[in-house]
Amino acid sequence: MSPDELSRPTAGIPLQAHVEELRRRCEAIARVQGGSTHYLEEIRIFREYALERGLFLQGALEALNRSPDDEGNEHQVWFQEETNTYLKITWPDFFGMLVMYRVDEEDRASPIAYLERWQLHNELFGDSVEFLGVLEEHGRLRMIIQQKAIEGVPATLHQINDFFTHSGWKRFFTHDEVAYFAPDQKVVISDTHRGNIILMDDGLLAPIDLRVQPLSGALLDYVVKACRN
């Protein structure tokens, strides 16, 4: 399947539009229940939405006929030379991890949180990640995104810390790792290791694969307090 064919299920539908509609559906259910939607509910909501919008790709992807160029905790990755982009496909039924979560909540991201993460990544860091559709393998979902290739070398930990703190992000620790909080946007990020932030030839840094999560309620209060300590 070519890149053009890959893009057809979501052609003309910006990632932001998918996220806004999916969050609207989650909020509608949350209002009825008097709480927030949980992990399994969001999988159900996403699956129904994907079926309605024809987001499930039919047939095998050409990329899957060859070994991936790279593999990580969340994705298998294929470089597409013709478009200078990376095709990233999540592992079956795994959509990354949340930055913050309550003790009684699932720590894994739902498909909806996964898409929201990439939309925020685009907004905050000037990226242009596209959502291409969904694969289903033996009842398990795999999300497909496409991301522009960035040339450069991994930034140092010192450069990464300066990049965020000099831009107004507040550094704190959560679940034994470094995270950063943007007070104005009420957003947290983590997974800011060297492999996820590229130092480009012009001296600028480009985040390419961070966990990004909006906060509200008790989690927001917790992070605000943590950043004051």
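Modeller: Asn229 counts as exposed because its relative accessibility is 77%. Exposed means over 50% relative accessible area, buried means under 20%, and partly exposed is in between (1.4 Å probe, protein chains only). This is a predicted model, where local features need pLDDT of at least 70, side-chain atom pairs count only at pLDDT 80 or more, and totals for chains, interfaces and linings use all residues. Residues are numbered from 1 along each chain as its sequence is written, and side-chain values use heavy atoms, with hydrogens and water left out.

Asn229 sits in the segment after α6 (217-228). Helices (H or I, at least four residues) and strands (E, at least two) are DSSP runs, numbered from the N terminus. Phe172 is 57 residues from Asn229 in sequence, yet their C-alpha atoms are 8.8 Å apart in space.

Now two buried threonines. Thr174 belongs to strand β7 (residues 170-174). Thr174 is called buried because its relative accessible area is 4%. Leaving out residues up to four places away in sequence, Thr174 touches Val99, Met100 and Ala179. Contact here means heavy atoms within 4.5 Å. The side chains of Thr174 and His175 also make a polar contact of 3.4 Å. That term means a pair of N or O atoms within 3.5 Å; within protein, one must be able to donate a hydrogen and the other to accept it, and residues adjacent in sequence count only if both atoms are side-chain atoms.

Thr192 lies in the loop between β9 (187-190) and β10 (197-199). With 10% relative accessibility, Thr192 is buried. Beyond four places in sequence, Thr192 touches Ile160, Phe164, Val178, Tyr180, Ile197 and Leu210.

The 19 residues of α2 should span 27 Å at 1.5 Å a residue, and its end C-alpha atoms are 27 Å apart, so the two agree. The expected span is 1.5 Å times one less than the number of residues. Among the buried residues of α2 are Leu15, His18, Arg23 and Cys26. The buried residues of α2 pack against α3, α4 and β4.

Helix α3 (residues 39-53) has 15 residues. Its buried residues include Tyr39, Glu42, Ile45 and Phe46. They pack against α2 (15-33), α4 (111-125), β4 (130-137) and β5 (140-148). Gly54 follows α3, with a positive phi near 65°.

The largest pocket has a volume of about 850 Å³. On a 1 Å grid over the protein atoms alone, a pocket is an open set of points where a 1.4 Å probe fits, with protein on both sides within 12 Å along at least five of seven lines; lining residues have an atom within 4 Å of a point. Grid points are joined across faces, edges and corners, and a volume is the space filled by probe spheres set on the points.

The largest pocket has 32 lining residues, and Arg23, Thr37, Glu42, Glu105 and Gln213 lie nearest its centre. At least two lining residues come from each of α2, α3, α4 and β12 (211-214). By class, this lining has 15 nonpolar, 7 polar and 10 charged residues. Ala, Val, Leu, Ile, Met, Phe, Trp, Tyr, Cys and Pro count as nonpolar, Asp, Glu, Lys and Arg as charged, and the others, Gly among them, as polar.
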